[in-house]
Amino acid sequence: MTATLAVEVSEKADGWRSVLVDAAEIVRRAATSAWQAHDGARLAPAGAEVSIVLADDRLARQLNRDYRGKDRPTNVLSFASGDRGGRDRVQLLGDVVLALETIVLEAAGQSKPLGDHVSHLVVHGMLHLLGYDHRTESDAVEMETLEVRILAGLGIGNPYRLMEAPPGRA
């Protein structure tokens, strides 16, 4: 069995195709790059699956409120499944939810291409599903360094040079 990552993309909000025609391909590529950089094949020999939800601020706000106690939209949410998979069973990583309106505003405010910002947020969300976090300064440095390396492999510059606060650190 080849250890691959299956990326299921679902569009739960109108508007994604009008602002980013190739959104599904962008998120698949970013998720796969994060998986490969993390060496997911070694950790999940039978492969893995992740769900990427192209949502809007309304859905992101609802999920953020219900699961994190924060009654506001956010750019990206990650929900790890806790599934470890097995030698002969695909690992279900969880869900990454992207909020359209917030992401569009952030990309414009940071003067960066929307596709690059979406890629960054998917990589960030995937790394959370793979066990990375940024609760401590050393954890944040480790995670951000890996994000920058993954994005460079996608031809995307260091997003932290353009941002005041990294995702999830605000």
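1. In this predicted model, helix H5 lies across strands S2 and S4, and its direction makes about 65° with that of S4. Helix H6 also packs on the sheet, where it touches S1, S2, S3 and S4. The direction of H6 makes about 145° with that of S4.

2. The sheet itself is open and has four strands, in the order S1-S2-S4-S3, with mixed pairing. Strand S1 (5–11) and strand S3 (76–80) are at the edges. Each has a single partner strand, so one side of each lacks a neighbour in the sheet. From one strand to the next, the twist averages 15°.

3. As a reminder, the strands of a sheet pair through backbone hydrogen bonds, in either a parallel or an antiparallel way. Here S1 and S2 are a parallel pair, joined over seven bridges. Within this part of the sheet, Ser 10 stands opposite Val 53 in S2.

4. Which residues of helix H5 (residues 100–109) are buried? They are Leu 100, Thr 102, Ile 103 and Ala 107. These four cover an arc of only 165° around the axis, which means that they sit on the same side of H5. On the other side of H5, the exposed residues are Leu 105, Ala 108 and Gly 109.

5. The buried residues of H5 pack against both strands and helices. The strands are S2 (48–55) and S4 (91–99), and the helices are H1 (16–19), H4 (57–68) and H6 (114–129).

6. One backbone detail can be checked just after H5: Ser 111 has a positive phi of about 50°.

Note on methods. Residues are numbered from 1 along each chain as its sequence is written. This is a predicted model: local features need pLDDT of at least 70, side-chain atom pairs count only at pLDDT 80 or more; totals for chains, interfaces and linings use all residues. Side-chain values use heavy atoms; hydrogens and water are left out. Buried means under 20% relative accessible area, exposed over 50%, partly exposed in between (1.4 Å probe, protein chains only). Helices (H or I, at least four residues) and strands (E, at least two) are DSSP runs, numbered from the N terminus. The arc is that of the directions from the helix axis to the C-beta atoms. Contact means heavy atoms within 4.5 Å. Two strands pair if DSSP finds at least two bridges between them. Axes are lines fitted to C-alpha atoms, for helices over the stretch in contact, and angles run from 0 to 180 degrees between N-to-C directions.
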